[in-house]
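Q: Could you take me through the surroundings of the ligand in this model? Please keep it to one connected account, with cut-offs where they matter.

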Amino acid sequence: MTTAARSDYLPFTRPTIDDETIAGVAEVLRSGWITTGPQVAKFEAQLSAYCGGRPVRVFNSGTCTMEIALRIAGIGPGDEVITTPLTWVATSNVILAVGAKPVFVDINPITRTIDLDRVEAAVTKATKAILPVDLAGLPVDRTRLYEIAKRHHLRVIEDAAQAFGSTWRGQPIGSIGDFVSFSFHANKNITCIEGGALVLNNEAEARLAEQYRLQGVTRSGRDGMDVNLVGGKFNLTDVAARVGLGQLPRLAEFTAARRTLAEAYFECFAAFAADDLGLQLPVVDFATSNWHMFQVVLPEQHLRVKRAEVMEHLHAAGIGTGVHYPAIHLFSLYRRHGWKDGDFPHAEYAGRNILTLPLFPTMTRDDVKRVVTTLVAILKQFRA
Ligand SMILES: Cc1ncc(COP(=O)(O)O)c(C=O)c1O
């Protein structure tokens, strides 16, 4: 049976777009102004209010946001940027794109984010920045991160693509820190289909961000135009911004629903004694995480099959899963730069065995139970 044919197929994620937003998009489409305009300005203002009044600029992806932050920080050839090997490859690709060198630091296997205990050993004279990633929405310890950055005079570009709605010590991610980059890709906790936002430190940085966003252009008066740097074509459309504006007011509700479902996962896994099977669950965090994903790490040593086969059986049972992510340093491009198997054992283990289970606001407790019972049955069936 194909995925499309099953009415009860549970995808690993699904956006929630309400009718009011759909009507709002139709209005924008009829308005005569569909690319960057008033909706983008309104989206930026509302994001800025959410980020404690800091300057925010929106873009057409959460990838270009990070590349632009690196450019604003003046990072380029000869510079090193410390980051994690367990993330979407965009995180390190942007470092290569500006001509700098990614320096990977292994993850902490419990949090699955960059191991801050190992960061300082990776700092050299060439290090200019740290680019941490809040995998699955679990924030990297901001207090320790900024202590390290301050001690070594480093910029921080927070890849908070997955952490919109997460907090640190009660403050929203984005309202504190140096550069903060968000993604509003379709799978994120709030979406504008494709898009991103960069939180900046001051108006001078915001003006540079605007230049990098659109061909390096600056305007003055009625007809004045100049170009003094090479920018790109990274502007967001008003249609996309209107989707984002419909999502923002629902953030708290979405986050609460995700937390409730995450709690249900923990309860169900405990009830089915998943610990005995060697399955690693995520950190139990109901204070800071936005629960962008619920990820388990399969017990490789206790299984006769690999992850792909577990995914296939879940799929056959009508359950979608995802892999976020394979370890970056083992991709061909990165191997060509000299990385190899064994460089970052924790990231490699997670990269081979991590599995994203379904989690989205309109899911039910019964859906969670179905995922857990099915997964536990598969793990028992293929136990080594
Ligand atoms: C951790 C991380 N970084 C960066 C990105 C890039 O965002 P975008 O797809 O909006 O370019 C994503 C999106 O999937 C992500 O999850």
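A: H3 gives the most, with three residues. This is a predicted model, where local features need pLDDT of at least 70 and side-chain atom pairs pLDDT 80 or more, while totals for chains, interfaces and linings use all residues. Residues are numbered from 1 along each chain as its sequence is written, and side-chain values use heavy atoms, leaving out hydrogens and water.

The shell holds 17 residues (each with a heavy atom within 4 Å of the ligand). Gly62, Thr63, Asp159, Ser183 and Lys188 come nearest. Three of these names return with polar side-chain atoms. Asp159 places one 2.7 Å from a ligand nitrogen. Ser183 has one 2.7 Å from a ligand oxygen. In the side chain of Lys188, an N or O atom is 2.7 Å from an oxygen atom of the ligand. The protein covers 93% of the 390 Å² of accessible area that the ligand has on its own (Shrake-Rupley, 1.4 Å probe). The ligand takes the space of the largest pocket (an open set of points on a 1 Å grid over the protein atoms alone, where a 1.4 Å probe fits, with protein on both sides within 12 Å along at least five of seven lines; more than half of the ligand atoms must lie within 2 Å of its points).

Lys188 leads on to His292. Leaving aside neighbours within four places in sequence, His292 is in contact with Ala136, Gly137, Gln162, Asn187, Lys188, Asn189 and Arg258 (heavy atoms within 4.5 Å). Its side chain makes a polar contact with the side chain of Asn189, at 2.8 Å (N or O atoms within 3.5 Å, one able to donate a hydrogen and the other to accept it; residues adjacent in sequence count only if both atoms are side-chain atoms). His292 counts as buried because its relative accessibility is 7% (buried is under 20%, exposed over 50%, partly exposed in between, with a 1.4 Å probe and protein chains only). Its place is in the loop between helix H9 (251–271) and strand E12 (294–297).

Conventions: On a 1 Å grid over the protein atoms alone, a cavity is a set of points where a 1.4 Å probe fits but cannot get out, and a pocket is an open set with protein on both sides within 12 Å along at least five of seven lines; lining residues have an atom within 4 Å of a point. Helices (H or I, at least four residues) and strands (E, at least two) are DSSP runs, numbered from the N terminus.
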